[in-house]
Amino acid sequence: MRADAQANHDRLLVVAGTVLAEQGADASMRDIARRAEVGLATLLRHFPTREALLEALLRTSFDELTARAGEVETTASPQEALMVWMREFVAFTTDNHGVVTSMVKAIEEPESALHASCVSLRAAGAQLLTRAQAADVARTDVDGADLFALVSAFAWLGDQPGHEARARRLFDVVMGAMLTDGAM
């Protein structure tokens, strides 16, 4: 890719991330192009559909969250690693309104461009959970798919107007029940 095209691509991703965080997954492609100071045709050359743009943004973020799981696994106790990572994952899905639908859909569709990233993300969470279970600080009747579903539920609740505080409180309640030593 030419340097100017790469610069446009990178700028579009940054601006799209900001716009999607503000407006949700249904943000206007025209607004994204305008705020990136490029024409709509330039945006569509790089990302021919809203789904292609969303997939590029989410794939990068999911890969970062997967890497983050590895970081906290090596720097924190098993229960702290699980809590930190779950909080960050829930915060990401809550901050990026509407991504839960794409995430849940992609995990079930192997042909989705997001499938591999979602599977890796779920596996990273499962690994943190397994580590906490092996340390006898997390319930053993929960698995990685359950964590993924919980994140989806908290993101949905956090998306509901006026329920952000309730979502945070219920996160603490659920994680308190999942962690067997009661530490949060």
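Reader: Before I look at any feature, what should I know about the model and its numbering?

Author: Residues are numbered from 1 along each chain as its sequence is written. The model is predicted, so that local features need pLDDT of at least 70 and side-chain atom pairs count only at pLDDT 80 or more, while totals for chains, interfaces and linings use all residues, and side-chain values use heavy atoms, with hydrogens and water left out.

Reader: How many helices and strands does the protein have?

Author: Helices (H or I, at least four residues) and strands (E, at least two) are DSSP runs, numbered from the N terminus. Here the protein has nine helices and zero strands, and read along the sequence its pattern is α-α-α-α-α-α-α-α-α. The radius of gyration (taken over C-alpha atoms) is set against a globule rule of 2.2 Å times the number of residues to the power 0.38. For this protein the radius of gyration is 18 Å, close to the 16 Å that the rule gives for 184 residues, so the protein is as compact as a globular protein of that length. Its C-alpha atoms fill a box of roughly 55 × 35 × 30 Å, taken along the principal axes.

Reader: What share of the residues counts as buried, and what share of the contacts joins residues 24 or more positions apart?

Author: Buried means under 20% relative accessible area, exposed over 50%, and partly exposed in between (1.4 Å probe, protein chains only). Of the 184 residues, 43% count as buried. A contact means heavy atoms within 4.5 Å, and among the contacts with a separation of 6 or more, 62% come from residues 24 or more positions apart.

Reader: How do I read the length of a helix, and which residues of α4 are buried?

Author: The expected span of a helix is 1.5 Å times one less than its number of residues. Helix α4 has 26 residues and reaches 37 Å from its first C-alpha to its last, close to the 38 Å expected. Its buried residues are L53, L54, A56, L57, L58, S61, F62, L65, A69 and V72, and what covers them includes α1, α2, α3, α5, α6 and α7. An α-helix has 3.6 residues a turn, so residues three or four places apart point the same way.

Reader: What span should α5 have, and which of its residues are buried?

Author: The 18 residues of helix α5 (residues 78–95) should span 26 Å at 1.5 Å a residue, and the C-alpha atoms at its ends are 26 Å apart, which agrees. In α5 the buried residues include P78, W85, M86, F89 and F92, and their cover includes α4 (50–75), α6 (99–108), α7 (115–134), α8 (144–159) and α9 (164–178).

Reader: How is the packing of two helices described, and at what angle do α1 and α4 pack?

Author: Axes are lines fitted to C-alpha atoms, for helices over the stretch in contact, and angles run from 0 to 180 degrees between N-to-C directions. Angles under 35 degrees count as roughly parallel, over 145 as roughly antiparallel, 65 to 115 as roughly perpendicular and the rest as oblique. Helix α1 (residues 3–23) packs against α4 at about 95°, with the axes 10 Å apart, and that makes α1 roughly perpendicular to α4. L13, A16, G17 and L20 of α1 make the contact with L53, L54, A56 and L57 of α4. For the classes, Ala, Val, Leu, Ile, Met, Phe, Trp, Tyr, Cys and Pro count as nonpolar, Asp, Glu, Lys and Arg as charged, and the others, Gly among them, as polar. By these classes the contact of α1 with α4 has seven nonpolar residues, one polar and no charged.

Reader: Are α8 and α9 roughly parallel or roughly antiparallel?

Author: The angle between α8 and α9 is about 160°, and their axes are 8 Å apart, which makes α8 roughly antiparallel to α9. On the α8 side, L147, L150, F154, L157 and G158 meet E164, R166, A167, L170, F171, V174 and M178 in α9. This contact has nine nonpolar, one polar and two charged residues.

Reader: Where do E37 and D136 lie, and is each of them buried or exposed?

Author: E37 is in the loop between α2 (29–35) and α3 (40–46), its phi is near 60°, a positive value in a residue other than glycine, and E37 is exposed, with a relative accessible area of 72%. D136 lies in the loop between α7 and α8, has a positive phi of about 60° although it is not a glycine, and is exposed at a relative accessible area of 60%.
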